[in-house]
Amino acid sequence: MVDDRAPALARRLTAHGRVLRRGRIFARLREGWDYDEIASQERLTAERVRQIVRKALEKRIIDEGAEHAKLQLARLQPAMRLAGEAIAEGDVTAIAPLMKVLDRLDRYQRVAKAVQVYDDEARRKLMDKINRVAANLGVDEARTAKAGEAAQAAPSGGEAAALAGASAAGEA
């Protein structure tokens, strides 16, 4: 006998439901589940799970700051160079990795560039930092001690005039 009943339509998730589902998907990924297992639990296809993960990762905001972005840029440079060299040697399989690296470079460069304001406040913060480091290293005490030694080694004002007069008389 044929079942005449139409399959029950799945209810669309609300925004809150999508956030919860995304959280469950990422929690399972952290636990080591593969996409097929997650898809069966969430009643989705593995490709849809991949799309959800990809979309969430693309939208995430890199908020670690410019220093983190600069570190990531430095780490990506060798990968870009190697992928470029592989393509130059004719390896077409290196195109996809190069595109991924370039995408990441673009994302981190936007963050690194956005914070590169160098105004009076930034200069003041830098000088404060340099002064703290100098104080921690004892640079000021060493400079003061050196200046004191130089002052003691230099002849006094009267002696200096006498030495200058003697050397002028010797030249004449």
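Which side chain makes a polar contact with the side chain of E42 at 2.8 Å? Keep that in mind while you go through these points; remember too that this is a predicted model.

1. The answer is R24: its side chain and that of E42 make a polar contact at 2.8 Å. The side chain of E42 also makes a polar contact with the side chain of R28, at 2.7 Å. So that you can find it in the viewer, E42 sits in helix α2.

2. Is E42 buried or exposed? It's buried, because its relative accessible area is 12% and the cut-off for buried is under 20%. If you skip the neighbours within four places in sequence, E42 is in contact with R21, R24, I25 and R28.

3. Now have a look at helix α3, which runs over residues 46-59.

4. Which residues of α3 are buried? They are A46, V49, I52 and V53. Seen down the axis of α3, these buried residues fall within an arc of 120°, so they line one face of the helix. The spacing makes sense, because an α-helix has 3.6 residues a turn and residues three or four places apart point the same way.

5. What covers those buried residues of α3? The cover includes α1 (15-31) and α2 (35-42). On the face of α3 turned away from its buried side, you'll find the exposed residues E58 and K59.

Note on methods:
Residues numbered from 1 in each chain as written. Predicted model: local features only at pLDDT ≥ 70, side-chain atom pairs only at ≥ 80, totals over all residues. Heavy atoms only, no water. Helix = DSSP H or I, 4+ residues; strand = E, 2+ residues; numbered from the N terminus. Expected span 1.5 Å × (residues − 1). Buried < 20%, exposed > 50% of the residue type's maximum accessible area, 1.4 Å probe, protein only. Arc of directions from axis to C-beta. Contact = heavy atoms within 4.5 Å. Polar contact = N/O pair within 3.5 Å; in protein donor to acceptor, adjacent residues only side chain to side chain.
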